[in-house]
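Here are a few notes to read alongside the structure. Have a look at it first, then work through the points below.

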Amino acid sequence: MMSRRNILAGLVSAAALLASRASIAAGVLPDTVDDKLEWDDCLARMKALANRFATGRIGQNDMERAGLRLISRLDINAASFERAVATSYESGNLFWLWQRMTKSVRMDGGILNIDDRQMIPLHDHPGATGMVRIISGEAEVWKLERVDADRGRPGKAQLEVLFRGILRPGDTATVTPENGNIHALRSVSKECRMLDFFIPPFDRASLLFFAPDDKNWFGKQQISCRAIPRTRFTRS
Ligand SMILES: [Fe+2]
């Protein structure tokens with residue numbers, strides 16, 4: 001026989017289910033649970049988030065928090081995610097392989113693949129908020145900000161390290177337009193794969209690489225370097 005407590009619990013869950021269905025029917029994506037998301041659902045929510053941000057309906061901090069939460073909830077072991085990865089558009093360069101999974105004027109997303117043979121040098125993503133989740137492997141990450149007066153311009157630059165640490169599977173991190181947009185990373189495992197979303201996409205034309213004066217800059221707090229436009233940067 002059902003106890004009074006069980007009946008009450010049943011009523012509460014039925015009401016919650018109805019509320020959830022009602023919000024879906026009304027076109028509002030419920031975001032109050034921490035269950036896993038299939039790729040299509042996660043992508044739809046990320047697009048909605050990018051639209052809300054572009055139209056000023058959500059601020060920078062709330063957008064970052066919501067984005068990180070969504071990519072944390074993505075079920076990377078689901079068949080839907082594997083299919084999306086398998087049909088991604090691949091491109092790359094000396095430093096990484098990029099598997100593009102979505103691209104629009106308000107958001108880019110995909111998987112960044114790096115390995116232990118090549119470090120990704122210091123660079124920025126002008127105007128973009130980047131949200132990352134490690135899928136496999138481990139990466140050492142530096143996050144920095146530019147403290148000289150010529151921010152955004154090529155030439156002499158002074159950087160300050162805000163964060164240095166190892167990211168492991170499931171860990172998330174952000175780069176933001178106003179603070180800590182410059183970063184470098186290297187795989188400390190043979191390979192490292194990470195899910196990456198940019199809201200909005202960064203401006204490739206104004207991307208800068210930063211070449212440190214001291215090649216052994218890794219443990220420093222302040223780094224003097226030259227800021228070099230992407231098209232003129234070569235590995236030294
Ligand atoms: Fe980057």
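**Notes on the model**

1. Let's start with a pair of strands. Strand E11 (residues 208–212) and strand E12 run antiparallel and are joined by 5 bridges. Within that pairing, phenylalanine 209 has isoleucine 228 of E12 as its bridge partner.

2. E12 (residues 222–229) also pairs with strand E7 (residues 155–167), again in the antiparallel sense, over 6 bridges.

3. The protein chain has an average pLDDT of 87, and 85% of the residues score at least 70. Residues 1–30 are another matter: pLDDT is below 50 there, and the stretch has 7 contacts in the model beyond near neighbours in sequence. Where pLDDT is low, the predicted coordinates should not be read in detail.

4. Now for the inside. The largest nonpolar core has 48 residues, and Met46, Ala139, Met194 and Phe210 have the most contacts inside it. Helix H2 (residues 39–54) gives the most to this core, with 7 residues.

5. What is methionine 194 in contact with, leaving aside its neighbours within four places in sequence? The list is Ile111, Leu112, Val132, Arg133, Ile134, Ile135 and Ala139.

6. Finally, take a look at glycine 152, in the loop between strand E6 (139–146) and E7. Glycine 152 counts as partly exposed because 13 other C-beta atoms lie within 10 Å, and a residue is exposed at 12 or fewer but buried at 20 or more.

Note on methods: Residues are numbered from 1 along each chain as its sequence is written. This is a predicted model: local features need pLDDT of at least 70, side-chain atom pairs count only at pLDDT 80 or more; totals for chains, interfaces and linings use all residues. A nonpolar core is a set of buried Ala, Val, Leu, Ile, Met, Phe, Trp, Tyr and Cys residues joined through C-beta atoms within 7 Å. Helices (H or I, at least four residues) and strands (E, at least two) are DSSP runs, numbered from the N terminus. Two residues are in contact if their C-beta atoms, placed from the backbone, lie within 7 Å. pLDDT is the predictor's confidence in each residue, from 0 to 100. Two strands pair if DSSP finds at least two bridges between them.
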